[in-house]
Amino acid sequence: MRTCRAGDKLPDLIQPIAVFDAGIGSYAAVAAIRRRLPRQDILYFADRASFPYGDKTRPELLAILKRTLRFLDGFEPAAVLVASNAPSITVLDEIEGMSARPVFGVRPPIAEALALTGTRDVVVLGVRSMVVSPELRAYANAQAKGRARQVKLVDASRLVDLVESGAFLFAPDTTRSAINSFLDELDARHPNIGAVTLSSTHLPWLRSYLEKARPDLPFLDPLDNAIEAIVRHSVAGSGTVLGLVSESERYRAADFRQMLDRLGISLRLHAVRV
């Protein structure tokens, strides 16, 4: 049995799928894996000590991934999911050899979206730090293969706030109004939208609201492709989910526990130092 900082014994897992990010949005990946693979053990690591990933430089992200993958390797995972768009886009291709396990990320499914749209535009929704980054634009251009002018990178940080605050659960009218306003502004700026990618791990929590507001518009979740890739590495266990959290002076484990509570997520967290 492993122990955490408080001395608690941690349950033994059978080759879990390890999921990690610095924010709350990545729990959507845990929920999706549980639905698809109910017997799969899952290790969920909330790296609050490194929050937010989106503000980190490339060397900082590489250092974070290197130490985190080394830490997660100790749990002998079947696979690892980097459940954050920023490191997935920025440094995922540079981490080969950092882990003995297969490592996957979440990236905007731009090529898939363009295949649906014909001459219409694809909107990539993400947090501001990501949509203004040269790395995302370079990734989009590579995926677009000559159709880069059809790919619009849009700051959806205010939608992310609806998840962080729990408003999408406890203030549905406010959430609907905020989403309708956002989409109206989006239509005004980009009147030729054919598909949208939900390229922040928070945004899939809002998918039902978005689809009700625009029922004819495809909303693509990058997690879908990541989970499909992970499925072939699954190993049947007991369906246990082990929650680990790191913390800093500013981002405390107790505060993250409250965020989970607001989202109605019942998960015991163990504080760790990586």
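Ala 86 touches Tyr 53, Gly 54, Leu 61 and Met 130, where contact means heavy atoms within 4.5 Å and residues up to four places away in sequence are not counted. The structure is a predicted model, in which local features need pLDDT of at least 70 and side-chain atom pairs count only at pLDDT 80 or more, while totals for chains, interfaces and linings use all residues. Residues are numbered from 1 along each chain as its sequence is written, and side-chain values use heavy atoms, with hydrogens and water left out.

Ala 86 is placed in helix α3 (residues 85-90); helices (H or I, at least four residues) and strands (E, at least two) are DSSP runs, numbered from the N terminus. With a relative accessibility of 8%, Ala 86 counts as buried, a term for residues under 20% relative accessible area, with exposed meaning over 50% and partly exposed in between (1.4 Å probe, protein chains only). Between the C-alpha atoms of Ala 86 and Val 241, which are 155 residues apart along the chain, the separation is 25 Å.

The C-alpha atoms of Ala 140 and Gln 150, ten residues apart along the chain, are separated by 10.0 Å.

Two packed helices are described by the angle between their axes and the distance between the axes. Axes are lines fitted to C-alpha atoms, for helices over the stretch in contact, and angles run from 0 to 180 degrees between N-to-C directions. Helix α1 (residues 27-36) packs with helix α11 (residues 222-231) at an angle of about 50°, the axes being 11 Å apart. This makes α1 oblique to α11; angles under 35 degrees count as roughly parallel, over 145 as roughly antiparallel, 65 to 115 as roughly perpendicular and the rest as oblique. The contact involves Ala 28, Ala 29, Ala 32, Ile 33 and Arg 36 from α1, and Leu 223, Ile 227, Glu 228 and Val 231 from α11.

For helix α7 (residues 157-164) and helix α9 (residues 172-189), the packing angle is about 165° and the axes are 10 Å apart. Helix α7 is therefore roughly antiparallel to α9. On the α7 side, Arg 158, Leu 159 and Leu 162 meet Thr 175, Ala 178, Ile 179, Ser 181, Phe 182 and Glu 185 of α9.

Across the whole structure, a search finds five aromatic pairs. Rings of Phe, Tyr and Trp (its six-membered ring) pair if their centres lie within 6.5 Å; planes under 30 degrees apart count as stacked, over 60 as edge-to-face and the rest as tilted. Phe 45 and Phe 71 form a tilted pair, at 5.6 Å centre to centre and 55° between the planes. Phe 45 lies in strand β4 (residues 42-47) and Phe 71 in helix α2 (residues 58-73), so the pair ties together parts 26 residues apart in sequence. Phe 45 is buried, at 0% relative accessibility. An edge-to-face pair is formed by Phe 51 and Tyr 251, at 4.8 Å centre to centre and 65° between the planes. Phe 51 lies in the loop between β4 and α2 and Tyr 251 in the loop between β11 (241-246) and α12 (253-262), so this pair ties together parts 200 residues apart in sequence. Phe 51 is partly exposed, with a relative accessible area of 23%.
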